[in-house]
Amino acid sequence: MIKKSKTKIRIKKKTAIKAFILITVFICESALSQQFGNLVNMGQIESDEIREASGIAASSKNPGVLWTFNDSGGKNSVYAFDSLGNHLGSFSLVGSRNRDWEDIAIGPGPIEGEHYIYVGDIGDNSIQYNEKYIYRVSEPFVYVGQVPVDTALYDVERLVFQYPNGNRNAETLMIDVLTKDLYIVSKEDQTIVYRSAWPYTFYPEPTLNVDTLETVVSLSLSRKALGGDISPDGKEILIKDRTHMYYWKKDDTQSIGEALEENPELVPYITEPQGEAVCWAGDLSGYFTLSEGLHPYLYFYPRLTTSITTDNANCPSKFKLDQNYPNPFNPSTTISYQLPESDKVEVAIFNISGQYITTLVNKEQAVGNYLVQWNGRDDKGLKVTSGIYFYRLKTESLISTKKMMLLQ
């Protein structure tokens, strides 16, 4: 059996500030566990083209953009949408074939600084295919709020591979951004993690070259693995089955395989009909899940509790207020900021006319990286209307303000 970690640190709400949902601080000393909050319904997927979403990935170069595709036999296309499910575009992968696409990942590749989409044609329910494929293409620029496009992506490459111990069925593809290694998790009674270690070779045309993956570790899950993702900083891992979400935290001395050898924590997950997709948010504020079906709901699980690292080098060196995420949002959004020194801090919300809405933070805070959430309510606990709002971070010596959009 997999046991839940007993290390849980919850940060209580201040009852005096009704719009304050949670605050997370990433300090720079001792090590504590990370936990996540309950499901937030972000809305339905708008596109009629997405009917069997079998994977999901957060963009590395386009803030607020997510990617998915349809399961086996669908078009050889990937679809972009925002964190509220709004359709942004359809992109066909020229030269590829959707035999049984099962998962998608975003990560680095051969060109330094470039971001790539990886699509795993790794499904094999009948265990009949000797060769499996991973397709790779440079991630295009997509913008939240753009008019949806229907276009093609060229220069698609493929990695052809086989398993070292016979044919396998799999629905999980992950990439370690720190090493560029690719990981595949089998969907069988015995869950096995396989790796294609960098440097691997993708080919622009069909090839006779076939890579053999290496076996990394066996996992003990309650059911068969359906999806997974490695965080954008390479330090956290999620793998899901039909009813559970498993979480691993990797320290700086471990490989992905070494981290997976340890017992995972169970983090929040509400069972979805045909739920096969999970990915980290691009800003690490939580994780998204998505299921199959026409207009499925996009769900988000926000990060809640304190995360503390032993690396003092991670302490912020300058005052910074980041763009909220998701944006646009409904019903809640996360605001992150950095304090290079202890200071009296105020985080407040104003409407487009400059009228005060609510205060999220008003206290002395130590050096660190902070997250705070706003649930779209004023200081009386009432929902505010859709529109443009401003959030202001104020200290004794500095003020920074940014704009966000609420869609009720």
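Glu171 is buried, with a relative accessible area of 3%. In this predicted model, Glu171 forms a salt bridge with Lys187, and their closest N and O atoms are 2.9 Å apart. A search of the whole structure finds 11 salt bridges.

**Salt bridges**
- Glu171 lies in strand S12 and Lys187 in the loop between S13 and S14, so this pair ties together parts 16 residues apart in sequence.
- Glu188 and Arg168 also meet through their side chains in a salt bridge (3.3 Å, N to O).
- Glu188 sits in the loop between strand S13 (182-186) and strand S14 (191-196), and Arg168 in the loop between strand S11 (157-162) and strand S12 (170-175); the two are 20 residues apart.
- Glu188 and Arg168 are both buried.
- Lys320 pairs with Asp322 in a salt bridge (3.3 Å, N to O), and Lys320 counts as partly exposed at 36% relative accessibility.

**Nonpolar cores**
- The largest nonpolar core has 21 residues, and those with the most contacts inside it are Trp67, Val78, Leu93, Ile104 and Val119.
- Strands S4 (65-70), S5 (77-82), S6 (87-93), S7 (103-107), S8 (116-121) and S9 (132-138) each give two or more residues to this core.
- Another core, of 20 residues, lies apart from it and includes Ile335, Val384, Tyr391 and Leu393.

**Strand S26**
- Tyr337 lies in strand S26 (residues 333-339) and counts as buried, at 0% relative accessibility.
- Tyr337 and Gly368 are 31 residues apart in sequence, and their C-alpha atoms are 8.6 Å apart.

**Surface charge**
- Asp251, Glu258, Glu261 and Glu262 form a negative surface patch.
- Glu262 lies in the loop between helix H1 (256-260) and strand S20 (265-267) and counts as partly exposed, at 41% relative accessibility.

Conventions:
Residues numbered from 1 in each chain as written. Predicted model: local features only at pLDDT ≥ 70, side-chain atom pairs only at ≥ 80, totals over all residues. Heavy atoms only, no water. Core = buried A, V, L, I, M, F, W, Y, C linked by side-chain atoms within 4.5 Å. Buried < 20%, exposed > 50% of the residue type's maximum accessible area, 1.4 Å probe, protein only. Helix = DSSP H or I, 4+ residues; strand = E, 2+ residues; numbered from the N terminus. Patch = residues over 30% accessible without salt bridge, like charges linked within 9 Å, V, L, I, M, F, W, Y side chains within 5 Å. Areas by Shrake-Rupley, 256 points an atom, 1.4 Å probe, with all protein chains shown as cover. Salt bridge = Lys/Arg side-chain N within 4 Å of Asp/Glu carboxyl O. Lys, Arg positive; Asp, Glu negative; His and termini not counted. Charge placed at Lys NZ, Arg CZ, Asp CG, Glu CD.
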